[in-house]
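My entries follow in the order I made them.

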Amino acid sequence: SGFNSIGHMDTMSRGRHQIGHYKEGEEFIQNVFHVLSQIFTGKEKSNLAICWLQYEISKVIQCLQAKKKKKLKAQGRKSKKLAKNFLKAPDNRNNLSLWKLYAYLEWLLGNTDDSRKVFDTALCTAGTGGLKSAQLCSLSLLYAQLEVELLESTEGAVTSPAVHILTKLTESGPYVPYSGQVSPVNVLKARKTYEHALQDYLSKTAVSDQDQVCGTDQLVNLVGCYALFQYLTVGIDAAVLIYTQASEKLEVSSSQKCENTGENFGILNFPTALEAVTLLHTNLLRFHMKISVYPLNPLREALTEALKRYPSNQSLWRSYIHIQRKSHSASKARRFFDSVTRSTNSLEPWLFAIQAEQMRKKLTEKVQRADVGEIHCTIPETGLTNRIVALFEHAVQSENGTHCPLLWRMYLNFMV
């Protein structure tokens with residue numbers, strides 16, 4: 001096709017083929033990982049292993065999305081071999097982050113029982129840090145989230161293994177794998193423990209400026225575990241309440257910090273605690289809407305508020321586009337895209353505005369060409385085409401857009 005992209009550019013399709021990982025780009029990335037793993041030692045080497053495994057998982061997810069069963073099998077074998085080799089290294093035996101990624105990999109490959117065994121083993125060997133241990137919270141949260149995704153309705157939620165995992169986390173004792181229902185007394189105790197832990201954390205963050213990254217990670221995991229626990233044992237409104245309380249408290253403390261230090265914390269590259277909490281909140285609402293009847297408005301409001309604050313968060317934009325596809329009126333979304341692109345320099349709002357219009361165009365053409373045999377659409381859909389071209393023109397004129405190869409390729413691809 002005239003050029004080789006390193007890694008992958010999954011936004012463009014060529015005929016029926018999605019552009020995936022190129023051979024040369026893939027070789028280059030693998031070589032980088034191999035060279036670095038010989039240079040690094042100790043903590044850096046463990047962190048590199050985590051990055052490498054995350055990269056392998058991204059390829060597995062890509063195979064799943066493209067529904068390529070053969071490729072998925074081969075990729076799964078390679079990724080699992082790599083993960084096992086990492087865990088054999090003496091430095092990594094107790095690294096919960098690696099255990100977590102390995103268990104997640106098994107789950108993605110459809111080996112649910114094997115994945116549960118890995119999770120259980122990791123939790124049993126993790127010690128009794130309970131809610132004080134950031135890694136233990138993170139591991140339990142992912143395990144519980146995956147178990148919740150298997151639920152088909154909210155009716156049997158209280159008896160799900162997720163409740164057992166989240167309850168055990170608060171007990172600060174050795175972990176015991178799920179064997180049946182959790183006793184109501186333990187559920188009540190766990191709720192109290194979560195409540196106190198969250199209050200302590202929120203009052204602490206407002207006062208002291210502790211080790212920022214570690215502290216925010218721990219807070220996000222704690223809020224995620226508590227909200228998911230409330231969702232399963234009480235209901236969606238109780239979970240939303242936790243997210244709202246945490247967000248309000250974090251907003252206050254971040255604005256105080258901005259005043260004290262004169263910095264704008266929105267510019268930081270790592271996702272702030274507030275951004276991560278918002279992401280958990282919107283994902284839970286999306287999941288709840290999938291398994292039961294729930295109004296769209298709370299999710300739409302949460303997303304628009306979050307995107308005004310974090311205009312470069314791709315996960316939030318994806319959710320926003322996903323819910324906008326269900327509405328027949330495009331004007332609201334267009335006005336929103338327009339207001340965000342005016343107020344920010346980041347390129348994501350432009351890219352997603354273009355993607356939303358292209359989806360709309362595809363849908364319109366599909367409807368117009370339905371069941372009419374040889375006669376294709378007699379009235380060409382020029383309105384949307386002109387709008388997309390105008391969006392591209394504005395986007396490439398913006399400061400960041402001029403220097404974005406992806407944007408130019410998408411523009412060329414569209415014009416062809």
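**Entry: salt bridges.** I began with Glu305 and Lys308, which form a salt bridge with 3.6 Å between the closest N and O atoms. I took a salt bridge to be a side-chain nitrogen of Lys or Arg within 4 Å of a carboxyl oxygen of Asp or Glu. Both residues sit in helix α12 (residues 297-309), three residues apart, about one turn of the helix. Helices here are DSSP runs (H or I, at least four residues), numbered from the N terminus. Lys308 is exposed at 53% relative accessibility. My classes were buried under 20% relative accessible area, exposed over 50%, and partly exposed in between (1.4 Å probe, protein chains only).

**Entry: provenance.** I noted that the model is predicted, that local features need pLDDT of at least 70 and side-chain atom pairs 80 or more, and that totals for chains, interfaces and linings use all residues. Residues are numbered from 1 along each chain as its sequence is written, and side-chain values use heavy atoms, leaving out hydrogens and water.

Entry: How many salt bridges does the rule give? The count is ten. Arg334 pairs with Glu357, with the closest N and O atoms 2.8 Å apart. This pair links distant parts of the chain, Arg334 in helix α14 and Glu357 in helix α15 (residues 348-368), 23 residues apart. Arg334 is partly exposed at 25%, whereas Glu357 is buried at 6%. Salt bridges with shared partners join Glu26, Glu56 and Lys59 into one network. Within it, I found Glu56 and Lys59 bridged at 3.2 Å, N to O. They are three residues apart in helix α2, so about one helical turn separates them. Glu56 and Lys59 are both buried.

**Entry: rings.** I found 15 aromatic pairs. Rings of Phe, Tyr and Trp (its six-membered ring) pair if their centres lie within 6.5 Å; planes under 30 degrees apart are stacked, over 60 edge-to-face, the rest tilted. Trp317 and Phe337 are stacked, at 5.1 Å centre to centre and 10° between the planes. Trp317 lies in helix α13 (residues 314-324) and Phe337 in helix α14 (residues 331-343), so the pair ties together parts 20 residues apart in sequence. Both Trp317 and Phe337 are buried. Tyr320 and Phe336 are tilted, at 5.0 Å and 50°. Tyr320 is buried at 2%, and Phe336 is buried at 8%. Ring pairs link Trp317, Tyr320, Phe336, Phe337 and Phe352 into a cluster.

Entry: Is Ser46 buried or exposed? Ser46 counts as buried, at 10% relative accessibility. Ser46 is placed in helix α2 (residues 42-66).

Terms used:
Helices (H or I, at least four residues) and strands (E, at least two) are DSSP runs, numbered from the N terminus.
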